[in-house]
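Here is a friendly walk through one model. Please keep the sequence and the 3D view at hand as you read.

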Amino acid sequence: MSTSPDDLRGPSLFSPRRRPRKHREEGARGAIIAAISTVVVFGLIVWWVLSSEAWPEVQQQFFNPDHFVASWPDVLGGFWLNIQMFAVAEILILIFSLILAMIRSLRGPAFFPLRLLVIGYIDLIRGIPIILLVLLLGFGVPALQLPGVPNSELFWGVAALVISYSAYTAEVYRAGIESVHESQRMSGRSLGLTQIQALRYVTVPQAIRNVIPALLNGFVSLQKDVALVFVLGVRDAVREAQIYNARTFNYTAYVAAAILFLVASVPVARFTDWYTERVRRKRQSVGTV
Amino acid sequence: MSAKVEVRSLVKSYEGKVVLRDVDLDVDQHEVVCLIGSSGSGKSTLLKCINLLVPIDEGEIHLDGIDITDPGVNPNTVRQKMGIVFQAFNLFPHMTVLSNITLGPMKVHRMSRTEAEDTARSLLDRFGLIDKVDEYPDRLSGGQQQRVAVVRALAMRPELMLFDEVTSALDPELVAEVLGVIRDLKDEGMTMIIATHEMGFARDVADKVCFLDDGVFLETGPPERIFTQPKEPRTQQFLQRIVDAGRL
């Protein structure tokens with residue numbers, strides 16, 4: 001029996017074992033040049049903006065500290081609702097779209113009607129602007145006064161987001177499922193697994209790993225799109241900022257809302273980059289897959 | 001002896017290209033049949049047809065006397081009776097060696113986790129792989145991966161094993177360990193159909209050798225005859241090329 005030593009094999013792509021950190025010192029000289037040029041460039045931009053004639057007016061309208069402090073509690077309270085809507089919608093989207101993608105990946109004539117339904121759903125929903133869906137469901141369904149159906153604009157606003165995003169996310173998952181080599185599915189089936197078992201235990205776990213960056217990208221997008229429900233009168237951060245603006249004719253509250261959205265989305269965007277890079281490095285070091 | 005597998009007038013084409021023209025094959029209980037022939041002659045396709053991994057165009061395949069190509073037959077039940085090992089190993093990269101092996105027994109045979117793991121461990125132990133039980137496939141050598149693939153198939157307690165050029169992707173020094181496993185299975189009386197380019201191995205292990213050429217069996221017989229006195233000119237040419245390459 002030949003047992004090759006572990007260090008010849010390289011790190012595992014899937015085991016949690018960590019590889020030693022690579023040296024990535026760039027050299028002090030490079031760092032100093034980068035620091036100086038950054039300070040100079042940004043300094044010039046700031047000086048140019050602050051010295052312009054229009055700046056006092058801009059500051060008064062958009063960056064007024066008094067208005068910022070005054071509007072902050074309401075906007076922050078509204079933003080909490082945005083976060084809740086995001087969390088609920090995202091979980092439902094991840095589950096619902098995975099089911100859609102799995103149905104679309106089933107083979108054989110017996111599943112044809114199901115596949116047709118899913119393809120129809122995805123095409124239809126992707127062709128409709130989200131804001132239209134939000135308006136249609138958010139105002140339309142409560143107006144019907146159907147018995148046993150929720151009448152809240154908030155509920156239907158979030159439902160519209162879930163319906164719309166699921167269509168897109170299903171396509172992300174499907175791309176991931178198709179990226180897993182056919183031989184994996186075949187070897188699962190050869191063990192006697194059913195189509196659905198092979199998808200669930202063999203293909204999908206690998207597919208999800210392949211599309212995590214794309215899913216995270218969708219996260220960032222949804223974090224902002226939850227603000228669309230403000231058109232229904234739901235008092236989220238944007239609505240609160242609008243109310244403040246209508247009362248004071250000052251736009252600082254909108255900037256406050258924008259800052260909150262940024263604080264939530266920038267870390268996810270950075271994390272996505274970091275994660276993608278990490279996967280890329282691991283793949284290179286393993287050499288296959 | 002009763003026939004385990006009977007293939008009758010099998011025809012299979014991919015996108016208009018005929019891969020198997022008119023194939024007949026009988027495999028008896030405990031018999032080891034080696035399929036030889038150049039790449040693209042249809043060896044792999046025949047194995048995939050028998051495992052119902054690809055639909056056939058015409059003909060019949062009988063397993064224990066039952067026509068498994070009948071639309072009323074559940075392919076999952078058929079596949080449970082036979083194990084197949086592929087050229088490219090096809091282990092599940094996101095699972096440990098142990099999970100690779102226990103997945104089938106747990107999900108298909110509804111075996112309990114403890115029972116499935118006990119079976120897996122004793123099989124791994126038998127094939128000298130017990131220290132790899134918690135490793136992921138990409139940390140194993142090709143030979144080790146292929147032996148795990150054999151164990152994964154054996155864990156389903158198959159009555160028939162299909163081997164699809166299982167050493168073709170291996171470095172030469174790793175070939176022997178995988179062939180050794182197949183020899184062990186022969187000693188235990190496993191019925192096997194083996195597509196291979198290892199002629200020396202085929203001569204040793206086979207009860208019957210079938211030379212597949214352009215989708216038909218040109219010549220079938222005991223290895224002593226096929227390798228020493230091939231009748232057909234095509235078989236002679238093929239074997240001469242193997243000898244010239246120093247592989248026989």
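## A loop residue and its surroundings

A:Val229 sits in the loop between helix 9 (195-225) and helix 10 (237-248) of chain A. Helices (H or I, at least four residues) and strands (E, at least two) are DSSP runs, numbered from the N terminus. This is a predicted model, in which local features need pLDDT of at least 70, side-chain atom pairs count only at pLDDT 80 or more, and totals for chains, interfaces and linings use all residues. Residues are numbered from 1 along each chain as its sequence is written, while chains are lettered from A and ligands numbered from 1 in the order in which they are written.

Is A:Val229 buried or exposed? A:Val229 counts as buried because it has 27 C-beta neighbours inside 10 Å. The cut-offs are 20 or more other C-beta atoms within 10 Å for buried, 12 or fewer for exposed, and partly exposed in between, with C-beta atoms placed from the backbone. Leaving aside residues up to four places away in sequence, A:Val229 touches several residues, including A:Met85, A:Leu154 and A:Asp236; contact means C-beta atoms, placed from the backbone, within 7 Å.

| Chain A item | Value |
|---|---|
| Helices | 11 helices |
| Buried residues | 29% of the 289 residues |

Now to chain B. Four of its strands form an open antiparallel sheet in the order 2-1-4-5, with strand 2 (17-28) and strand 5 (66-67) at the edges. Strands pair if DSSP finds at least two bridges between them. Strand 4 (residues 58-63) and strand 5 of chain B pair over two bridges, and B:Leu63 stands opposite B:Ile66 in strand 5 of chain B.

Key:
Two residues are in contact if their C-beta atoms, placed from the backbone, lie within 7 Å.
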